[in-house]
Structures are given as C-alpha cells and as structure tokens.
Amino acid sequence: MSEFGSEFDDGFGGDPEVDEERPATDDEPAELVYANPLEFFTDVLGPSYVREVNGGSEFVWCPQWYKHVEALSRVETIWRAWEYLRIEGALGLSAWWLNHADPHMRMLMAPNGPFKKCIYDGHTPRDRPELLCLPHAHPDRDLFS
Ligand SMILES: [Zn+2]
C-alpha cells in the first residue's frame with residue numbers, strides 16, 4: 001500500500017510492495033499491464049492529463065482520438081514507454097513523464113495539432129487526400145538506388 005493509501009492511484013498499475021514484478025530479461029520481456037493503447041488510455045493516460053479542453057481552451061482534444069493516425073501512434077508510443085519504464089526504479093516515472101508522455105501529449109493537445117478540425121463539433125473525419133498525408137511529390141528519379 002502506498003503512503004497515500006488506496007484512495008490515490010499512482011498510475012503505475014499496482015503497489016510494488018504487493019505485486020510480484022519480474023524484471024525483463026534478454027530472453028523474456030516483462031509482462032504487460034495493459035493489452036493495448038486504448039486500455040492504457042482509459043486507466044492511466046486520460047486520468048493523468050485532466051485539462052479543460054476545446055471551447056477556447058489552450059488545449060484541444062478529440063474524444064475519438066484513436067481515429068487519428070498520429071494520435072494512435074503517439075498514444076501507443078506513450079503506452080509502450082510506460083510499460084518499459086514502470087519497472088525501472090525510482091526515476092522510471094519521471095523519465096516517462098518528461099521524455100515520453102509530456103512531449104507527445106503537448107503535440108497532440110496543441111491547438112494547431114491533429115485535433116484542430118475536431119474541437120468544435122466533435123470528430124471530423126479527415127478523408128480528403130490533402131488531409132491524409134503531408135504534401136508529397138514523388139521525385140522524377142529514384143534517389144535511393
Ligand atoms: Zn477527431
């Protein structure tokens with residue numbers, strides 16, 4: 001039990017004094033706490049970033065974030081970093097916040113980020129070709145041969 005009691009969750013998926021954590025080895029990776037990015041978002045990431053969003057706030061968010069390729073990739077990245085760093089001792093949580101969660105969430109929650117079109121009326125599908133990829137003109141010759 002943590003010093004804060006059971007009322008507060010540290011976001012690391014359990015009490016290290018109670019859980020039997022088995023560190024990863026070269027032959028066998030540590031077991032995952034969450035099966036996928038959606039479970040991780042629901043239990044850890046979403047409750048960790050409580051902000052006023054949209055409606056003129058400095059932060060934006062789309063409740064259907066998983067429909068945005070960039071958001072799904074970044075949340076999966078944050079989840080995988082959390083799974084790795086959760087067993088990295090005293091500085092694991094700090095490294096996760098500073099080096100993984102905050103930089104990716106700052107990009108996702110930026111007013112000019114991937115949710116820019118979703119902030120007033122909910123999720124807006126980005127199905128026009130110019131919204132699916134950065135502009136790209138294929139080169140006339142193969143640059144990598
Ligand atoms: Zn959206």
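Guide: The discussion below concerns helices and their contacts. The model is predicted: local features need pLDDT of at least 70, side-chain atom pairs count only at pLDDT 80 or more, and totals for chains, interfaces and linings use all residues. Residues are numbered from 1 along each chain as its sequence is written.

Visitor: At what angle do helix α2 and helix α3 pack?

Guide: Helices are DSSP runs of H or I with at least four residues, numbered from the N terminus. Axes are lines fitted to C-alpha atoms, for helices over the stretch in contact, and angles run from 0 to 180 degrees between N-to-C directions. Here α2 (residues 69-85) and α3 (residues 92-108) pack at about 175 degrees, with axes 9 Å apart. This makes α2 roughly antiparallel to α3, a term for angles over 145 degrees.

Visitor: Which residues of α2 are buried?

Guide: A residue is buried if 20 or more other C-beta atoms, placed from the backbone, lie within 10 Å of its own, and exposed if 12 or fewer do. In α2, the buried residues are A71, R74, V75, I78, W79, W82 and L85. Seen down the axis of α2, they fall within an arc of 140 degrees, so they line one face of the helix; the arc is that of the directions from the helix axis to the C-beta atoms. The face turned away from the buried side of α2 carries the exposed residues V69 and S73.

Visitor: Against which helices do the buried residues of α2 pack?

Guide: They pack against α1 (37-48) and α3.

Methods:
Helix = DSSP H or I, 4+ residues; strand = E, 2+ residues; numbered from the N terminus. Parallel < 35°, antiparallel > 145°, perpendicular 65-115°, else oblique. Contact = placed C-beta atoms within 7 Å.
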